[in-house]
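Hi,

Here is the structure I promised to pass on.

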Amino acid sequence: TAGGEVPAGTAVERRGARAGDAVFVTGHPGDAVAGRLLPADARGDAADYLRGRFHYPEPRTAAGEALRGLATAMLDVSDGLDQDLRRLAGASGVGLVLDVDALPLSPALAAIAGEAAVAHALTGGDDYELAFTAPAAATSRVLALADAAGCAITRIGTVVAGSGVGWRRGGREFAVPGGAWEHFGGGA
């Protein structure tokens, strides 16, 4: 649990995304779940890094502060990127078109998880990265905040009118594998 304060009227909520906004994510989603799922005998730098991302998550508070006044909607990725972006889209009353090929997979995740890396990034939880939207015209300003935010920031999609979340890979529809975490219903 975290507590704190923000100046009145400056909190960035899940609602607020508008058609035409860009969709971004901080850091490298999927690392924590990969660390949780590692066999006990897995060794090496990549395994140590992934275990660390699970056991010692780094909430992106500096990124959240840096994005205040620029992001139109935001939430932390605690239940999997796909599921949490669906929550953001629903709260904002918009749709999202997202690009699997743009996912910022860490080298450690790619090395350890192989083909499962994308599934981990989309459905794994406990990363506490930030998923957010901002005006597309501000993309260069958002990406320039990476140093102040203390982590990578990657554009992964676009907000559209309508509803729902659609992932694409290589220009084709991509079906997200099942298994996102559900706090009150089991899950991966």
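Let's start with the largest pocket: its lining residues divide into nine nonpolar, five polar and five charged. (Ala, Val, Leu, Ile, Met, Phe, Trp, Tyr, Cys and Pro count as nonpolar, Asp, Glu, Lys and Arg as charged, and the others, Gly among them, as polar.) A pocket here is an open set of points on a 1 Å grid over the protein atoms alone, where a 1.4 Å probe fits, with protein on both sides within 12 Å along at least five of seven lines; lining residues have an atom within 4 Å of a point. Val6, Arg60, Thr61, Gly64 and Glu65 lie nearest the pocket's centre.

Before going on, note that this is a predicted model: local features need pLDDT of at least 70, side-chain atom pairs count only at pLDDT 80 or more, and totals for chains, interfaces and linings use all residues. Residues are numbered from 1 along each chain as its sequence is written, and side-chain values use heavy atoms, with hydrogens and water left out.

Next, Asp31. You'll find Asp31 in helix 1 (residues 31–37); helices (H or I, at least four residues) and strands (E, at least two) are DSSP runs, numbered from the N terminus. Asp31 is buried, at 0% relative accessible area (buried means under 20%, with a 1.4 Å probe and protein chains only). Beyond its neighbours within four places in sequence, Asp31 has contacts (heavy atoms within 4.5 Å) that include Tyr49, Arg53 and Asp127.

Finally, the sheet: seven strands make an open one, with mixed pairing, in the order 2-4-1-5-3-6-7. Two strands pair if DSSP finds at least two bridges between them. Strand 3 (residues 95–99) and strand 5 (residues 153–160) are antiparallel over four bridges, and Val97 has Thr158 as its bridge partner.

Cheers

Note on methods:
Buried < 20%, exposed > 50% of the residue type's maximum accessible area, 1.4 Å probe, protein only.
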